[in-house]
Every structure is written in C-alpha cells, then in structure tokens.
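Welcome! Take a moment to look over the sequence and the structure shown here, and then we can walk through them together.

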Amino acid sequence: MSGLFNSNFGTLPAALDAASTRNTIIAQNIANAETPGYKRKEVDFEHYLQQAMGEGDDLELKKTEERHFQKYSSNIQDVQARVRTVSDTRITNDGNNVDIDQQEALMAANTIRYQTLSRLMSLTIARYNTVLKGVR
Amino acid sequence: MLDIFSTMNISASGMTAQRMRLDVIADNIANAETTRTPEGGPYRRKNVVFQEVLDKAMGIRGGVNNTLSTDQLGGVHVQSIVEDQRPFKMVYDPSHPDANEEGYVQMPNVNVLREMIDLINAQRSYEANVSSINATKAFASAALGIGRG
C-alpha cells in the first residue's frame with residue numbers, strides 16, 4: 001500500500017488471515033484428537049511478522065544449498081501464516097499428540113485475537129472516514 | 001468466508017465421526033449379552049478407526065518446512081469399523097440353551113465399564129467439536145462487523 005494508506009491496511013488483513021488459518025488448524029486438531037498417529041499442526045505467523053518488521057535478528061542465513069532454510073520476505077504485506085506439523089512428540093500410546101485442553105485454550109485465545117484485530121480494522125477504517133468527512 | 005465454512009465442515013466431520021462412535025458404543029452395550037448373531041456365535045465388540053482426511057490432490061507445498069495449505073484439510077472420518085478379536089468370556093451357566101457340554105456359555109467380549117468410559121470420551125470429543133463451531137461462528141460475526149464502526 002502506498003501513500004494515503006498506512007501499513008495497518010497491509011498487516012491487519014494478514015494478521016486476520018493468520019488467525020483464521022489458525023482457527024481452521026485448531027478445528028482440524030480437535031476433530032482428530034482421537035485419530036491414531038495423527039500429529040498436531042501449528043501455525044507460525046507472529047514470528048515471521050516480527051522478522052519482516054526487523055524486530056528479529058538482522059543476520060542473514062548462510063546458504064550453501066538451494067533448499068536450505070531462508071529468511072522470509074522482508075515486506076510486511078507479503079508475510080503469510082505457515083502451517084507446520086509437530087511430528088516429534090506423542091502424548092498417547094497410539095502416537096497422537098493432540099492435547100485437547102491446550103487446543104481449546106488456543107482456540108479461545110485465537111477467537112479473542114480475531115475479534116481484537118477486526119475491531120482494530122474497523123477503527124482504522126473509521127479514522128479514514130473521519131478525515132474524508134472533514135474534507136467535505 | 002469460504003475458509004469459515006470449510007472450518008465448520010472440519011468440525012462437522014468430527015461431530016459425524018464421534019456420533020458414529022456413539023452408535024457403535026450403543027450397539028456394543030445393547031449386545032453385551034447377545035449369544036446369537038447372524039454370523040453365528042456370540043456378538044463381537046466393534047470399534048471405530050478414525051482417519052484424518054487430507055486432500056492429497058492439492059499437494060503439499062514448501063517441502064522442507066512440510067507446509068500445508070488449509071484448503072487440504074478435511075477433518076476426520078471413520079475409516080472402518082473393526083471387530084475386537086479378543087477371546088469371548090466363558091460363563092458357567094448349564095441352563096443356557098447355548099451352553100456347551102461342560103455347561104459354559106460363550107458371552108460377547110464386551111466390557112460394559114469400558115464402553116461407558118468410551119461413551120464419555122466420545123461425548124466430550126463431540127462437545128469439543130461443537131465449541132470449535134461456536135468459535136468459528138464468533139469469527140464470522142467479527143469479520144462481518146468490520147467497517148460497521
């Protein structure tokens with residue numbers, strides 16, 4: 001976004017998308033809480049956003065091979081939530097590692113986060129409305 | 001919005017799977033003392049096998065990080081209903097019409113106590129999926145509220 005609109009119009013939708021993705025992932029985890037061998041999925045977003053905002057370390061990763069980990073886009077608008085599978089743990093004998101209480105707590109927190117973000121989005125829009133009405 | 005409905009479908013698939021499990025548990029409890037079945041012999045305890053639903057056709061993006069797209073997620077389904085192969089209980093009851101020469105009757109390998117525990121488990125899992133749906137509804141109404149001030 002350029003000029004008129006500040007970066008909130010870029011980051012808020014990205015954060016809303018991330019919260020929505022996380023909701024889907026938690027729903028999948030809860031639905032599979034008793035599936036033998038199912039491994040919990042998690043969403044990473046805040047970490048990448050912080051990196052893009054330059055709040056992480058500024059060191060570049062050295063790559064000797066194309067498929068090595070890389071630092072992700074430094075453009076805030078391009079930051080996207082990434083889903084990963086936590087496959088190295090297990091909490092029940094059937095190899096499942098979903099802690100349903102933890103997932104419920106995450107889902108509650110994530111809902112509040114989404115509501116906060118959507119409120120912020122509304123306020124950002126309202127601010128522009130105030131300015132535009134003042135001009136007329 | 002599509003994302004919200006697909007999330008609801010995931011939770012709904014969880015509810016369907018748990019309901020099926022409840023059906024199977026009810027069947028087990030109802031037949032806890034059934035000594036005659038169409039296949040012959042006493043009733044065998046049944047159990048559901050859950051399997052995660054993933055749309056493999058969508059492919060897995062990002063290789064190294066094992067990054068999945070949420071479009072691929074389809075919740076859970078009951079892959080099969082299997083019979084418990086544990087031996088039948090032998091109960092001494094010479095007056096029973098299905099008793100053998102020594103007076104023992106083969107009773108189903110159903111442990112009602114265990115079924116009750118599974119029942120509670122299924123019920124709680126069902127409720128967890130219901131609360132996921134409610135959370136998703138809260139998402140939808142929050143999203144619809146954007147820009148309303």
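## The largest nonpolar core

In this predicted model, the largest nonpolar core holds 35 residues. Those with the most contacts inside this core are Ala15(A), Leu16(A), Ala18(A), Ala19(A), Ile30(A), Tyr114(A) and Leu117(A). Both chains take part: at least two residues each come from H1, helix H2 (46-52) and H3 of chain A, and from helix H1 (2-30), strand E1 (46-54), strand E2 (73-83) and helix H2 (112-144) of chain B. H1(A) provides the largest share, ten residues. In soluble globular proteins, nonpolar side chains tend to be buried together.

Setting aside neighbours within four places in sequence, Ala19(A) is in contact with Asn110(A), Arg113(A), Tyr114(A) and Leu117(A).

## Where the chains meet

The contact draws on 33 residues of chain A and 35 residues of chain B. On the side of chain A that touches chain B, helix H1 (8-31), strand E2 (82-85) and helix H3 (100-135) each supply at least two residues. H3(A) gives the most, with eleven residues. Sorted by class, this side of chain A has 15 nonpolar, twelve polar and six charged residues.

## Chain A as a whole

How many helices and strands does chain A have? There are three helices and two strands, and from the N terminus on they run α-β-α-β-α.

Of the 136 residues in chain A, 31% are buried. Among contacts in chain A between residues at least 6 apart in sequence, 71% link residues at least 24 apart.

Conventions
Residues numbered from 1 in each chain as written. Chains lettered and ligands numbered in written order. Predicted model: local features only at pLDDT ≥ 70, side-chain atom pairs only at ≥ 80, totals over all residues. Contact = placed C-beta atoms within 7 Å. Helix = DSSP H or I, 4+ residues; strand = E, 2+ residues; numbered from the N terminus. Nonpolar A, V, L, I, M, F, W, Y, C, P; charged D, E, K, R; others polar. Core = buried A, V, L, I, M, F, W, Y, C linked by C-beta atoms within 7 Å. Buried ≥ 20, exposed ≤ 12 C-beta atoms within 10 Å, placed from the backbone.
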